[in-house]
Structure formats: structure tokens, C-alpha cells
Amino acid sequence: MSDQIQRFLFDQTNVRGEIVTLSNAYHEVLDRHAYPPAVNQLLGELLAAVALLTDTVKLDGTLSIEVRGQGELSLLMAESNPGGELRAIARIADGGALPSEHASFRDLVGDGQIVITLDPRGGNRYQGVVALDHDTLSGCLEAYFSQSEQLPTRLWLAADGERAGGLLLQRLPDASQNQDVDAWERSVHLADTIKSEELLGLEQREVLYRLYHEETVRVFEPKALRFGCTCSRERMSSGLLTLGGVELRDILREQGEINTQCHFCHTKYHYTAADIESLLDNPDAPSPTIH
Ligand SMILES: [Zn+2]
């Protein structure tokens with residue numbers, strides 16, 4: 001099964017949807033880390049959610065969902081970029097116990113907030129914040145939609161460490177008077193019957209057929225998704241420069257060089273003392289040496 005997202009709509013109604021399935025992209029994220037199973041599952045749900053949101057708001061840019069909690073799991077973050085690439089990371093609080101396999105979303109993240117950032121290419125950045133006051137990730141994200149998009153939106157998310165999947169339904173404002181008035185309730189009610197195993201194990205068209213074979217569903221071309229990271233030596237260099245010359249020279253005195261790594265993809269970036277000095281002398285220049 002390929003990593004893809006597919007948009008669909010119900011003919012003659014104001015209901016539209018998205019369905020996403022991730023396998024390779026999810027593995028690429030998990031393979032780079034050794035998170036406990038409960039965290040792996042949440043990261044899968046978050047990856048599915050970030051793909052669904054990006055396509056739903058038709059964003060040409062970068063969209064990130066950050067879950068910032070006070071629990072053992074202090075950060076969960078997933079991000080999409082315009083190339084259909086996804087990346088994600090989790091951070092377990094210092095001294096935090098490893099979450100048990102059956103811990104729920106709220107058990108793991110505790111109180112806090114979800115920050116959703118939309119950064120369109122050539123447009124203005126928009127940030128929305130919702131409190132973590134629902135038991136599930138999908139519940140919190142639904143609250144985000146009702147708050148910021150003001151469109152009734154429902155999400156179903158599933159992940160099992162191997163695959164991640166999600167379904168989103170959204171009711172658009174009534175465009176004509178000739179509407180199927182029950183369409184929203186009916187499509188949500190049917191979606192509520194989907195099992196996680198079905199969302200994760202069946203082809204997308206098969207899921208849609210199982211749920212909606214009595215409806216007229218129009219399905220759009222699927223869009224491919226993959227793992228990808230936007231880190232670069234330039235970005236790493238500007239990150240290092242924020243530490244300041246004093247701190248950087250302290251590290252060089254202790255270690256002789258600076259080795260750093262992208263948290264998302266684990267690409268290593270190496271800086272000699274001469275590299276650091278040239279960065280400090282000329283912070284805006286592109287890095288002259290690639291190691
Ligand atoms: Zn990276």
C-alpha cells in the first residue's frame with residue numbers, strides 16, 4: 001500500500017472528505033528513533049493528521065502541528081512541506097518515565113496546548129492554538145477546526161507502529177438551497193463505524209466503498225506523500241550562530257570541533273574551528289565547506 005492522500009466529496013451535498021494512508025513515511029520517522037510503542041502510535045496519528053490538515057486547507061507551504069504538554073511526553077511535532085514531504089519528532093520530558101504501552105493521549109501529554117502553524121509560500125504565517133482539553137488527538141484537532149475554520153470537521157485517526165491512517169470529513173457552508181439536509185449526519189454516522197484495522201489495512205477506495213456504497217462519492221486523484229526533511233547546513237549554521245561567539249568558542253576549546261545532528265532525520269553536520277570562525281566573521285555567507 002502506497003503513502004497517499006485522496007480527496008473525495010459526496011455529490012449533491014456540502015460534505016467533503018480526505019483519506020490518508022502512510023507506511024514508508026511512517027517507518028522512516030520511527031526508524032530514526034527508539035520511542036516507546038505508545039509514542040510511536042501517537043506519532044503515526046499526528047503524521048496522518050498533518051497530511052489531512054495540509055490538504056484540507058489546501059496549503060502551498062509548510063504546516064506543523066505541535067503538541068506541547070506538561071506530561072511525560074513534552075513534545076510531539078509533525079510537519080508537512082509543499083513537496084508532499086512529512087517529518088515528525090517526539091520528546092520525552094527529562095526524567096520522564098517511559099510511557100506504558102496502553103497510556104492514552106492525555107495520559108502521555110498531560111495538560112497543555114496544540115499549536116498549529118500555517119506558513120504559506122509567499123504569504124503570511126498564521127498560528128492557531130487550542131487547549132489540550134479532549135481525551136484524544138482527534139478531539140483536540142476537531143476543536144481547532146471549530147475555533148479557527150468554523151467549519152464542522154470530524155477526524156478519525158489510527159496507527160499501530162506499522163501503518164498510520166486517517167479520515168477527515170468537513171461540512172462546507174451551504175452553497176445552494178437544493179441540499180441533502182441529512183448528508184452531514186449520515187456521513188459522520190457511517191464514518192463512526194470504521195474500525196482502526198480497516199483504516200490501516202484496507203485500500204482507500206475499499207474503505208470508502210465499505211462506508212459509502214449507498215452514496216455517490218466522487219474521488220479525486222490521490223497525491224503521493226513521503227518522508228522528507230528540510231534541514232540544511234545553512235539552517236544548522238544559523239542555529240549555531242544563535243548560541244553566540246563566546247559559547248561556540250567555549251565548545252571548540254573543549255571539543256576541538258562541533259558535531260551536530262538534525263533531530264528529525266539524524267543527518268550529521270560537522271564544523272571545524274575554522275568553519276566556526278568563518279561563520280562568526282561572516283554570518284550571512286553561504287557555508288564554504290561541506291564535509
Ligand atoms: Zn533533517
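The model is predicted. Six strands make up an open sheet of mixed pairing, and four cysteines coordinate a zinc ion.

**The open sheet**
- The strand order in the sheet is β7-β6-β3-β4-β5-β12.
- β7 (126-131) and β12 (226-227) are the edge strands; each has a single partner strand, so one side of each lacks a neighbour in the sheet.
- Helix α2 (residues 37-56) packs on this sheet and touches β3, β4 (73-81), β5 (85-92) and β6. The direction of α2 makes about 35° with that of β4.
- Within the sheet, strand β3 (residues 61-69) and strand β6 (residues 112-120) run antiparallel and are joined by nine bridges.
- Val67 has Ile114 in β6 as its bridge partner.

**The hairpin of β8 and β9**
- Strand β8 (residues 153-159) pairs with strand β9 (residues 164-171) in the antiparallel sense, over seven bridges.
- Ala158 has Gly165 in β9 as its bridge partner.
- Four residues lie between the two strands of the hairpin, where Gly161 takes a positive phi near 90°.
- β8 is mostly covered, with six of its seven residues buried.

**The zinc site**
- The SG atoms of Cys229, Cys231, Cys262 and Cys265 coordinate the zinc ion at 2.2 to 2.3 Å.
- Angles among the four donor atoms are 103 to 115°, and the site is tetrahedral.
- Along the sequence, the spacing of the donor residues is C-x1-C-x30-C-x2-C.

Definitions and conventions: Residues numbered from 1 in each chain as written. Predicted model: local features only at pLDDT ≥ 70, side-chain atom pairs only at ≥ 80, totals over all residues. Heavy atoms only, no water. Buried < 20%, exposed > 50% of the residue type's maximum accessible area, 1.4 Å probe, protein only. Pairing = 2+ DSSP bridges. Donors = N, O, S within 2.8 Å, 3.2 Å for Na, K, Ca; no water. Tetrahedral: all angles 85-135°; square planar, octahedral: opposite > 155°, others 65-115°. Contact = heavy atoms within 4.5 Å. Axes fitted to C-alpha atoms, helices over the stretch in contact; angles between N-to-C directions.
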